[in-house]
Amino acid sequence: MNGATDPLAACRLCPRRCGVNRRIGQTGYCGAAAHPRIFRHGPHFGEEPPLTGAKGSGAIFFSHCTLRCLYCQNYPWSQLHEGEDYDIPRLTAIFGALAEQGCHNWNLVSPTPWLPQIRAALTPLFRAGVRIPIIYNTSGFEATETLAAYADLIDIALVDLRYASEETAREGSDGAGYVAAARACVEWFWKHLGPLRTDAAERASRGTICRLLVLPGRAHEAVASLRWLADRVGTAVHVSVMSQYTPVYRATARPAWNRALTADEYGAVTDTVGEL
């Protein structure tokens, strides 16, 4: 196969479009090669309540990432590339085990570099009639053409809208082009998935949740993102306004990033939620 038929032969899955041949060991910005690398998997109770339910979200924390956030709490596997490589049958077994344990969904955490392998692993389960909702858990730094190509793997979007300023995106995450990419990503999810839908037990089955992590000194960006959401997507979208920023990893040595969020900063964002 070549790049026209094999996305790993000339990888352009994320907006960086590195074009490397991962099949022969080449790696681009994120460092991902051909075999899926996973740091941890199992029932997870740290997501929003409609996703975790009583038995947990079936999370798979994939290694490697298309961003390099100064403050990433997952940096051992997102940036230092820790984890174990899996072949497709073993990845299928993980998905099957999570479903058998009663997890309410498959939660793909940072799946973008691994979408072809994820589809290959899930296909045997789909054919056997094993199917639970799939969460696409993403930073928002996505290419909409990739989302369209793998729409069969997206039932619920759990998507960040982290920045409203390109300067901040570059400083905080080496994310040139993040704002435009993330906003296009959110609009794509909204168009294709719509608002969050839940069952009688209030467990999510389909739809969009947009996360806004409020950053120290940059609450105004979260406010700007909320106003953009209200204007371009509408106020029916579920938002998760997050206050848990913690200065870890490289943020500990960076002025303005090396402190916690204040109550006033978080309050400015939640006040905007109420206003809108």
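**Loops, rings and cores**

Me: Is A256 buried, partly exposed or exposed?
Reply: A256 has a relative accessible area of 42%, so A256 is partly exposed. Buried means under 20% relative accessible area, exposed means over 50%, and partly exposed is in between, with a 1.4 Å probe and protein chains only.

Me: Before we go on, what are the ground rules?
Reply: This is a predicted model, so local features need pLDDT of at least 70 and side-chain atom pairs count only at pLDDT 80 or more, while totals for chains, interfaces and linings use all residues. Residues are numbered from 1 along each chain as its sequence is written, and side-chain values use heavy atoms, with hydrogens and water left out.

Me: Back to A256. Where is it, and what is its phi?
Reply: A256 is in the loop between β9 and α9. Its phi is near 80 degrees, a positive value in a residue other than glycine. Helices (H or I, at least four residues) and strands (E, at least two) are DSSP runs numbered from the N terminus.

Me: What about E202?
Reply: E202 has a positive phi of about 65 degrees although it is not a glycine. The loop between β7 (197-198) and β8 (204-213) holds E202, and at 58% relative accessibility E202 counts as exposed.

Me: Switching to rings. How many aromatic pairs are there?
Reply: A search of the whole structure finds 11. Rings of Phe, Tyr and Trp (its six-membered ring) pair if their centres lie within 6.5 Å; planes under 30 degrees apart count as stacked, over 60 as edge-to-face and the rest as tilted. One of the pairs is Y75 with Y249: the centres are 4.2 Å apart and the planes are at 5 degrees, so the pair is stacked.

Me: Where in the chain are Y75 and Y249?
Reply: Y75 is in helix α2 (residues 75-78) and Y249 is in the loop between β9 (238-242) and α9 (263-275). Y75 is partly exposed at 27%, and Y249 is partly exposed at 24%.

Me: And how do the rings of W188 and F189 sit?
Reply: Their centres are 5.8 Å apart and their planes are at 75 degrees, so that pair is edge-to-face. W188 and F189 are buried.

Me: Which residues make a ring cluster?
Reply: F39, F61 and W77, linked by ring pairs. The charged end of R40 sits over the ring of F61, 4.7 Å from its centre. R68 lies over the face of Y29, at 3.8 Å from the ring centre. For a charge over a ring, NZ of Lys or CZ of Arg must be within 6 Å of the ring centre and within 35 degrees of the ring normal.

Me: Cores next. How many residues has the largest nonpolar core?
Reply: It has 72 residues, and those with the most contacts inside it are Y71, F95, F189 and L229. Helix α7 (residues 178-193) gives the most to this core, with 10 residues. Apart from it lies another core of 7 residues, including I156 and L196. A nonpolar core is a set of buried Ala, Val, Leu, Ile, Met, Phe, Trp, Tyr and Cys residues joined through side-chain atoms within 4.5 Å.

Me: What does L229 contact?
Reply: Leaving aside neighbours within four places in sequence, L229 contacts L161, V186, C210, L212, G234, V237 and V239. Contact means heavy atoms within 4.5 Å.

Me: Now α3. Which of its residues are buried?
Reply: L91, T92, I94, F95, G96 and L98. What covers them includes β1 (37-44), β2 (57-62), β4 (106-109) and α4 (115-127).

Me: What caps the N-terminal end of α3?
Reply: D87, with a side-chain oxygen 3.0 Å from the backbone nitrogen of R90. Just after α3, G102 takes a positive phi of about 90 degrees.

Me: Last one, S57. Where is it, and is it buried or exposed?
Reply: S57 lies in strand β2 and is buried, with a relative accessible area of 0%. A polar contact of 3.2 Å joins the side chains of S57 and N107. That term means a pair of N or O atoms within 3.5 Å; within protein, one must be able to donate a hydrogen and the other to accept it, and residues adjacent in sequence count only if both atoms are side-chain atoms.
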